[in-house]
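Me: I have a model open and want to learn how to read its features. Can we take them one at a time?

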Amino acid sequence: VMSVFVPITSFVRMRLTWIGSLLLRPPPTGLRCVLAAGKKDLIDLPVLVEDELEEQFVRGSGPGGQATNKTSNCVVLKHIPTGIVVKCHQTRSVDINRKRAREIMREKLDVAYKGELSEVVMKKKESVLRKQEKRRKANENLERKRLLKEALAADSKPGNDTV
């Protein structure tokens, strides 16, 4: 990955990024989408506007004993326009939980806005289809092995002398 600044006019510079042999341009400034950091495949997620979010820190639950029960490091994030609520208590760090809650919220908003055309839903469907195909191939191989064993067992019976 290599980034280059290219002067377009004397006032404007555009950042172009090369990945392999592809040249990527940044999206126009008016679009409400960003490149998701860390999520290579999910690039067209909606931008979160902080004014539309309501954030609370509550006590977490689950395993962890006193460390979990006494600290308010569980993040509850609510998107006011849609009413979607995300609760994140994956780590003991409030900062990491806030970041992950926002990532989850962006994915949920993408599903809410785009429905079946959402990248998250499409990736999930692809994953399910890949698993089904893998299971089908495994079953075919098992069936082939079973038939081969039956054929070998039938040939090796004492009554079958074909030589």
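The dialogue below goes from confidence to fold, strands, core and helix.

Me: Where do I start, and what is the confidence?

Reply: Start with the source. This is a predicted model. The chain averages a pLDDT of 78, and 71% of the residues score at least 70.

Me: Over which residues does pLDDT stay under 50?

Reply: First the general idea. Where pLDDT is low, the predicted coordinates should not be read in detail. Here the stretch is residues 6–38. The model has 52 contacts beyond four places in sequence for that stretch.

Me: How many helices and strands does the chain have?

Reply: There are 3 helices and 8 strands. In sequence order the pattern is β-β-β-β-β-β-α-β-β-α-α. Of the 163 residues in the chain, 20% are buried. Take contacts between residues at least 6 apart in sequence: 33% of them join residues at least 24 apart.

Me: Which strands pair with S7?

Reply: S6, residues 53–58, pairs with S7 in the antiparallel sense over 6 bridges. Gln56 stands opposite Val76 there. S8, residues 84–88, also pairs with S7 in the antiparallel sense, over 5 bridges. In that pairing Leu77 faces Val86. S7 and S8 form a hairpin with 4 residues between them. Gly83 in the turn has a positive phi of about 80°.

Me: Which residues make up the largest nonpolar core?

Reply: It has 10 residues in all: Leu48, Leu53, Val75, Leu77, Ile84, Val86, Cys88, Ala101, Met105 and Leu109. S7, S8 and helix H2 (94–114) are the elements that give two or more residues to this core.

Me: What is Leu109 in contact with?

Reply: Set aside its neighbours within four places in sequence. Leu109 then contacts Pro46, Leu48, His79, Thr82 and Ile84. Leu48 and Ile84 are also core members.

Me: What caps the N-terminal end of H3?

Reply: Ser118 does. One of its side-chain oxygens lies 3.2 Å from the backbone nitrogen of Val120.

Conventions:
Residues numbered from 1 in each chain as written. Heavy atoms only, no water. Pairing = 2+ DSSP bridges. Polar contact = N/O pair within 3.5 Å; in protein donor to acceptor, adjacent residues only side chain to side chain. Core = buried A, V, L, I, M, F, W, Y, C linked by side-chain atoms within 4.5 Å. Buried < 20%, exposed > 50% of the residue type's maximum accessible area, 1.4 Å probe, protein only. Contact = heavy atoms within 4.5 Å. pLDDT = per-residue confidence, 0-100.
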